[in-house]
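Welcome to this guided tour. Please open your viewer and get ready to select residues as we go.

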Amino acid sequence: MTRKPLIGLNADFRAAARSTPAFAYIASGYFQAIIDAGGIPVLVPPQADEESVGRILDAVEGFLFIGGGDLDPRNDGFMLHPSVHPMDAAREASDRMLMAEIAERRMPVFGIGVGMQLINVQQGGNLFLHIKEDLPEAVPHFDAQDVNHRHTLNVEGDSLIGRVYGDGEIRVTSRHHMAIDEVAPGFRVTARCPDGVIEAIESEMIDWFALGTQFHPESEAASALDIRIFEEFVDAVRDRNQEAPAKEGDEAYRLVA
């Protein structure tokens, strides 16, 4: 039996309020999709130091960055737009440390929503801070009354996303007001909304599987095809592990009668 890979997932974080303690949390769709795709999810609450981040990444074999609140543009040298609702600073600091180390290690990574935006920013791209102002002709990408708001996509056929969805028009769940502007070096756009808003990016680097979707394949409204994105990710993690040299103490070194 093929060994199931360990996949780290960052958790969101909410600071203590007057009537509630601080807590970390994650929507079940993320970890259930990893389970369904053949991986073992390992939930990672925000970390405060690089040593802890390194130890965590020593233990897992791939990483999924979940969606959530906005990246604070001030951390990248931009002004704070009134529409931006930054995620908790503890989560953002942890996510940025994790992403920097993941990139250094060339660990397989999949980012969803703000997770995709994090990959792009950490690798040298930037963001539109508010689609309604930056791209006024764009269709709605967020509906406060419908968590499963959907729109169509145009997909590049010669890509992972194209392999998953095939030819023809598809519809995906998408809820965001920020979006990628300049794509990071080493990445290419593999899906857009018909209005031009970027909805998926993929690494072109031969030594790094890195994928981002602005849309949410883990949502309750996801189609049967959406889970295949997670299967592609888990398969890429498994393939990388098979190519990597075994370490002393790994299962590969254990003799079985």
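Are α3 and α4 parallel, perpendicular or oblique to each other? Select both helices and look along them: their axes come within 10 Å and cross at roughly 60 degrees. α3 and α4 are therefore oblique to each other. Angles under 35 degrees count as roughly parallel, over 145 as roughly antiparallel, 65 to 115 as roughly perpendicular and the rest as oblique. Axes here are lines fitted to C-alpha atoms, for helices over the stretch in contact, with angles from 0 to 180 degrees between N-to-C directions.

Before moving on, a word on what you are viewing. This is a predicted model, in which local features need pLDDT of at least 70 and side-chain atom pairs count only at pLDDT 80 or more, while totals for chains, interfaces and linings use all residues. Residues are numbered from 1 along each chain as its sequence is written, and side-chain values use heavy atoms, leaving out hydrogens and water.

α3 contributes R91, D95, R96, M99, A100 and A103, and α4 contributes V114, L118, I119, V121 and Q122. Contact means heavy atoms within 4.5 Å. Helices (H or I, at least four residues) and strands (E, at least two) are DSSP runs, numbered from the N terminus.

Stay with α3 and colour its buried residues: R91, E92, S94, D95, M97, L98, M99, I102 and A103. Buried means under 20% relative accessible area, exposed over 50%, and partly exposed in between (1.4 Å probe, protein chains only). The buried residues of α3 pack against β1, β2 (12–14), α2, β5, β6 and α4.

Next, select L57, F63, F65, M99, I102, V109 and W208. These have the most contacts inside the largest nonpolar core, which has 33 residues. Such a core is a set of buried Ala, Val, Leu, Ile, Met, Phe, Trp, Tyr and Cys residues joined through side-chain atoms within 4.5 Å. Apart from this core lies another, of 27 residues, including I34, A37, I112 and Y165.

Then jump to α7, residues 227–243. Its buried residues are I229, F230, E232, F233, V234, A236, V237 and R238. Among the elements covering them are β1 (6–10), α1 (28–36) and β13 (210–213).

For the last stop, is I206 buried or exposed? Find I206 in the loop between β12 and β13. I206 is exposed, with a relative accessible area of 91%.

Notes. Expected span 1.5 Å × (residues − 1).
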